[in-house]
Amino acid sequence: EEEREMVPYCREENIALTPYSALAGGRLSKLPGEKSKRLEEDSYARQKYGSTQALDQIIIERAALLAEQKGVTLTEIALAWLLQKTAAPVVGATKIHHIEGAAKAVDVQLTEEEITFLEEMYVPHKLVGVMAENNR
């Protein structure tokens, strides 16, 4: 059978997409150089993102540049991209401003050029943990 890309296939078949780790374990909510307890202590996220840190940094810097140009947060750019590409990203929130920032993303529209700018350097991440073990 012919191989198909996931997103167009899901749209065609009316299948909702719900991406997890929408903010890459907090990496897409912090400006380059910003630190947090989660970034320092989340060993699962380090497993997932540690080996691609240099390439991911390029994406984060591009998202930060777009955020600055649009006068929004890095979180809003990341979630706006997901909202334009998929259906309902899952966002963890431990503070009220996390929820407020996520809600604001629905008002951010990215142009095709901005989407290309964010995507052109992306490298898919290997599955880790339970996701990697589920090979059925």
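## Salt bridges in this model

A salt bridge here is a side-chain nitrogen of Lys or Arg lying within 4 Å of a carboxyl oxygen of Asp or Glu. Applied to this predicted model, that rule gives a count of two salt bridges.

One of them joins the side chains of Arg62 and Glu120, with an N to O distance of 2.5 Å. The partners come from distant parts of the chain: Arg62 sits in helix α4, Glu120 belongs to the loop between α7 and α8 (129-133), and 58 residues separate them. Arg62 has a relative accessibility of 17%, so Arg62 counts as buried.

The other pairs Glu114 with Lys70, whose closest N and O atoms are 3.3 Å apart. Because Glu114 lies in helix α7 and Lys70 in helix α4, this pair ties together parts that are 44 residues apart in sequence. Glu114 counts as buried, at 14% relative accessibility, whereas Lys70 is partly exposed, with a relative accessible area of 32%.

## How α4 meets α7

Let's turn to the helices themselves. Helix α4 covers residues 53-70 and helix α7 covers residues 112-119; they pack at an angle of about 150°, and their axes are 8 Å apart. Angles over 145 degrees count as roughly antiparallel, which is why α4 is described as roughly antiparallel to α7.

On the α4 side, the contact is made by Ile59, Arg62, Ala63, Leu65, Leu66 and Lys70, while α7 brings Glu114, Phe117 and Leu118. By residue class, this contact has six nonpolar residues, three charged ones and no polar ones.

## A buried glutamate without a partner

What is the nearest side chain of opposite charge to Glu76, and how far away is it? It is Lys104, at 5.1 Å. Since a salt bridge needs the nitrogen within 4 Å of the carboxyl oxygen, Glu76 has none, although Glu76 is buried.

Glu76 is part of helix α5, which spans residues 74-85. Leaving aside residues up to four places away in sequence, Glu76 touches Gly101, Lys104, Ala105 and Val108.

## The chain as a whole

Stepping back, the protein chain has eight helices and zero strands, giving the pattern α-α-α-α-α-α-α-α along the sequence. Of its 136 residues, 32% are buried.

Contacts also reach across the sequence: among those between residues at least 6 apart, 71% join residues at least 24 apart.

Notes:
Residues are numbered from 1 along each chain as its sequence is written. This is a predicted model: local features need pLDDT of at least 70, side-chain atom pairs count only at pLDDT 80 or more; totals for chains, interfaces and linings use all residues. Side-chain values use heavy atoms; hydrogens and water are left out. Axes are lines fitted to C-alpha atoms, for helices over the stretch in contact, and angles run from 0 to 180 degrees between N-to-C directions. Helices (H or I, at least four residues) and strands (E, at least two) are DSSP runs, numbered from the N terminus. Angles under 35 degrees count as roughly parallel, over 145 as roughly antiparallel, 65 to 115 as roughly perpendicular and the rest as oblique. Contact means heavy atoms within 4.5 Å. Ala, Val, Leu, Ile, Met, Phe, Trp, Tyr, Cys and Pro count as nonpolar, Asp, Glu, Lys and Arg as charged, and the others, Gly among them, as polar. Buried means under 20% relative accessible area, exposed over 50%, partly exposed in between (1.4 Å probe, protein chains only). Lys and Arg count as positive and Asp and Glu as negative; His and the chain ends are not counted.
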